2 protein chains.
Amino acid sequence: MKHTEHLYEKTISSQTIYEGKVVKLKVDEVLLPNGKTAKREIVNHQGAVAVMALTDEGKLIAVRQFRKPLEREIVELPAGKLEPGEEPLACAIRELKEETGYEAESFTHLSSFYTSPGFADELLHLYLATGLRKGEAQLDEDEFVDVVELTLEEAQELHRLGEIRDAKTVVALYAWESRKLHGQK
Amino acid sequence: MKHTEHLYEKTISSQTIYEGKVVKLKVDEVLLPNGKTAKREIVNHQGAVAVMALTDEGKLIAVRQFRKPLEREIVELPAGKLEPGEEPLACAIRELKEETGYEAESFTHLSSFYTSPGFADELLHLYLATGLRKGEAQLDEDEFVDVVELTLEEAQELHRLGEIRDAKTVVALYAWESRKLHGQK
């Protein structure tokens, strides 16, 4: 990856603060482009996938779950962390099945984006899934979700009400709206 | 905030691992709905704003910057952290001016979303800014950015190339596309 000299921050030292199951936290000292130094707090994460699964009737398969960092429930796309060495597409297929029971004929990659590049390296891969067939969910033992089906209008109303309010699901809502305005499902 | 019993995770204990300038890390032990316990790694963040600033000619004002967690440059919306007690709109006005030099006649709230609710409580407030007037940027002393102006097509090409690849900017691109499909700027 190219570095533009007047933007680049060179690492002087790096201190690992914590290594957990989900995140690793480190604090780097960096040399700024102006010759001064600064600290950067950095959260490492293995990356994740999310699935925008649309039924043949044009409904979104979403999950309501309690999110401990927020101390509240929100409604989100089915999603999950990449296992070590796992391909994003394989993870998307797995997480959709585990959380909702659905399998899909077709997965299309829509976007991959960093969720919060100021302090974290989590990269999230977003897929569209269509041609859905319902089966049995197989949740992880520490995972509890309710599956809900939403029209675009219902999802947009939950967005206005603040029950849909996470980045990946908001990306999906706007992408879904654009698709529909283009005459797609 | 209501809690659905079969989804709720009650805190048993909470341990603070690190308190930095940008993030705080804690590990909570929780009681799961099935009576078992689990650990939750939680990153606290004060929240942030991002601004989708569109010129009268329909161009997006974006910034190219080096992101230490990614060890690379990406092109993003102007954005920044909330100061303690700061209103999101005041922060949006301040960050747009500081990073790009632009002031705007009109700010419209588009969405507020959690960037990564699985492990972090960062809430990002996204505003549309129009009626732009160019002035002088006033960057923080540890902040280095290049300002760029992009048409929607140019921004979508950067998204395909992976130079635009953070959640807030991807939200803005799809929202911008929907606006244009609705006949707006």
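Predicted model: local features only at pLDDT ≥ 70, side-chain atom pairs only at ≥ 80, totals over all residues.
Two aromatic pairs are present when all chains of the structure are considered. In one of them, the ring centres of A:Y8 and B:F66 are separated by 5.0 Å and the ring planes meet at 80°, so the arrangement is edge-to-face. This pair crosses between chains: A:Y8 belongs to the segment before β1 (10-19) of chain A, and B:F66 is part of strand β5 of chain B. B:F66, with a relative accessible area of 5%, is buried.

A further pair is formed by A:F66 and B:Y8, whose ring centres lie 4.9 Å apart; the planes are at 80°, so this pair is also classed as edge-to-face. A:F66 is located in strand β5 of chain A, while B:Y8 is found in the segment before β1 (10-19) of chain B, so two chains are joined by the contact. The relative accessibility of A:F66 is 4%, and this residue counts as buried. B:Y8 is partly exposed, its relative accessible area being 22%.

Most residues other than glycine have a negative phi. The position of A:E71 is in the loop that links β5 (60-67) to β6 (72-76) of chain A. With a relative accessibility of 32%, A:E71 falls in the partly exposed class. B:E71 occupies the loop between β5 (60-67) and β6 (72-76) of chain B. A relative accessible area of 32% places B:E71 among partly exposed residues.

In chain B, helix α3 comprises 15 residues, spanning positions 167-181. From the first C-alpha to the last, α3(B) reaches 21 Å, which is close to the 21 Å expected at 1.5 Å a residue. The helix is mostly covered, with 13 of the 15 residues of α3(B) buried. B:G183 follows α3(B) and has a positive phi, near 90°.

Conventions: Residues numbered from 1 in each chain as written. Chains lettered and ligands numbered in written order. Heavy atoms only, no water. Helix = DSSP H or I, 4+ residues; strand = E, 2+ residues; numbered from the N terminus. Expected span 1.5 Å × (residues − 1). Buried < 20%, exposed > 50% of the residue type's maximum accessible area, 1.4 Å probe, protein only. Phe/Tyr/Trp six-rings, centres within 6.5 Å; stacked < 30°, edge-to-face > 60°.
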